[in-house]
Amino acid sequence: MFAAVFCLTLLGGALGLLLAVAAQRLKVNDDPLAAEIEALLPGSQCGQCGYPGCGAGAIAIAAGEAPVTLCPPGGRALAQRLASTLGIELDLSQVADGAPMVAVAREDICTGCTRCRKICPTDAILGAPRQLHAIIRDACTGCGRCVEVCPTESLALHPVAVTLETWYWPRPQLPI
Amino acid sequence: MRIVHVRGGVRLNGRKRRAERGRITSLPIPAYLNVPLKQHIGAPAEPVVRVGEHVLKGQLLGRPPGPMSAPVHAPTSGRVIAIGAAPAPHPSGLDTPTITVQSDGEEQWIELAPPIDPLALDAAAIEERIADAGVVGLGGAAFPAAVKLRLRTRHPIHTLIVNGAECEPYLTCDDRLMQERAEEIIDGVRIMLRALEQDRSGPSIRALIAIENNKGDALAALKKAASAHPGIATIAVPTRYPMGSEKHLIRAVTGKEVPARALAPEIGVLVHNVGTAFAIHRALRFGKPLISRIVTLSGGAVASPQNFEVLIGTPVSALLRAAGGLRQPPARLLMGGPMMGAMLPHAEVPIVKGTSGILALTSAEIAARPAAPCIRCGTCVAVCPCGLVPVEMVSQIRGGRLEGALRFGLLDCVGCGTCAYSCPSRIPLLQYLNFAKGELTARERTKHKAEEARRLAERRRLRLAQQAEARAATATARPRQQHRHPEGSEATGAPDRTTNPQVAA
Ligand code: SF4
Ligand code: SF4
């Protein structure tokens, strides 16, 4: 009996040790997929997807609750990268790329309250108290949070104008 | 010299006869000229004149902001009446920054630099003068000529190919130029050779002037002009579209293949158009900037097709009027050749440095038919000069799988349109390919912007965290002062004014 107790104890101990080591070595984060997806998202926590931030959005995509096309600032480029990360087929041409927007301030009614500057997730707004605020177009993701806080409705989102540099041939419309 | 066979391509009906006979004629000076600030690959020039200012012919209007750009000059003397947006010669019909000059009809030149012997200059001085004269590739791509020549510092060049192939139907501007100004072209070639040969030991560089064998007179004229110069030879290449494409011309003439997505200088070859050689001759011998070019006006709707020497900035409508107008309203107005040219939205757009021709085509010439389903005949595969499989690329694009098209070599497509021209089902293959290339570039741009937004957001997060920490430190140092910023209000909390870099800036 002593031998049996000894053997089983030894066996239990050894296996326990093995499991402990394995748990350390092969440690898996809570959800590696969500983390991977979050790394792809813009990270500006703008909330345009309807989730409280990029992290929550990523969890929703990983759980299959949200489509890969949820992120407006990421556009089709992001949708396509998410689709290939998740290994799903996506007909991107059918995904309407919501026309990219950019915030524009109306000079005559901006009071220089600085609220928009403080809330902008990408620091795209320049200005000082009681001075006209300006938006750096290249840094603006069009998330619209500044528009919400502007007390005078000086700010509004406008579609980004197509220029000769950004224009390209439309997809041919064929019935077949 | 042996000509290497190039795969694919098509024999096109040249339709050159109507315009090729008459001599190059100068156009009367139009009432106003629209000079776009960007007529080249690279950054637009920056205006150096003001509205209302009087300018002389050849005076600098726009200065290049960096090395990858080109200046623009006043095509005639007159008054600057506007600096702003005007329609670009582009299928989109969008505007482009433009300087409008109202001509005074005096044609008063600026003081030109005294003539010097360009062959006695060193390479850097030659390149500087070419750059200052605003010379860009006149074959159509409008790549700044000096930038191209400077590639010699990065890659050893052994062959200069002067492109006189002119493979597009209708166009005869290079043909006429070669017939009438052969000596000047050879002089331009010698100047380029001089720049390329500088501080080079070893065998000298050869210059080959390649001309399609349907242009006998041009070939003879250049052969005669080149006979006095042992380093320069003419060579007849088969008449087969797209022979004038840089990669295919190099393959035909030297037998070498430019690797996918590589530049020709990487294999020691530089290609310049004959028109560019002529512009270089003018710039170096006479100090004259590039303010005019030869333009073919042709097409079934044009009353009398001909080649004109046109001032840059001349409205297309003025060219049409001066040439005796149209026989009938054109079904399509094109800038450039019928294969690769740009459809014009209307005639109120200017002639630019890259304009080789204006074509007013009738509906009979376009012969548009609605597209039919693909019959998988394989014609497009057989004719593609780049060895691609257009039918597969397009079926991937139609299915929305642009990555698939990339795997089939979309980026190696030179957009020559041979596939679309040859397709018996008239599927707009080229437009699908162009759409896919544009869409991929746009996605790349969005991706870049998203990455930038991410970086900015991260920087802001760090800054807010630092500020919160600093406040916490002050709060513990002076425990009686109330901490006004509760936890969790970071995103909306006011950053400390004195440490906010935006206020400090
Ligand atoms: S040429 Fe036209 S019909 Fe023939 S395989 Fe290509 S796409 Fe199809
Ligand atoms: S347009 Fe592109 S795919 Fe079509 S023939 Fe030319 S190189 Fe080939």
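Analyst: Two residues are in contact if their C-beta atoms, placed from the backbone, lie within 7 Å. This is a predicted model, in which local features need pLDDT of at least 70 and side-chain atom pairs count only at pLDDT 80 or more, while totals for chains, interfaces and linings use all residues. Residues are numbered from 1 along each chain as its sequence is written, and chains are lettered from A and ligands numbered from 1 in the order in which they are written.

User: Which helix gives the largest share of the side of chain B that touches chain A?

Analyst: The contact draws on 37 residues of chain A and 32 residues of chain B. On the chain B side, α15 (429-477) and α16 (501-504) each supply at least two residues; helices are DSSP runs (H or I, at least four residues), numbered from the N terminus. The largest share, 18 residues, comes from α15(B).

User: How far apart are the C-alpha centres of domain 1 and domain 3 of chain B?

Analyst: An automatic or database domain assignment sets the bounds: domain 1 (17-106 + 117-293), domain 2 (295-366) and domain 3 (371-474) of chain B. Seven residues of domain 1 of chain B are in contact with six residues of domain 3 of chain B. The C-alpha centres of these two domains lie apart by 31 Å.

User: How many of the eight residues of helix α4 of chain B are buried?

Analyst: A residue is buried if 20 or more other C-beta atoms lie within 10 Å of its own, with C-beta atoms placed from the backbone. The buried residues of α4(B) include B:C173, B:R176 and B:Q179. Helix α4 (residues 173-180) of chain B is mostly covered, and its buried residues number seven.

Conventions: A residue is buried if 20 or more other C-beta atoms lie within 10 Å of its own, exposed if 12 or fewer, and partly exposed in between; C-beta atoms are placed from the backbone.
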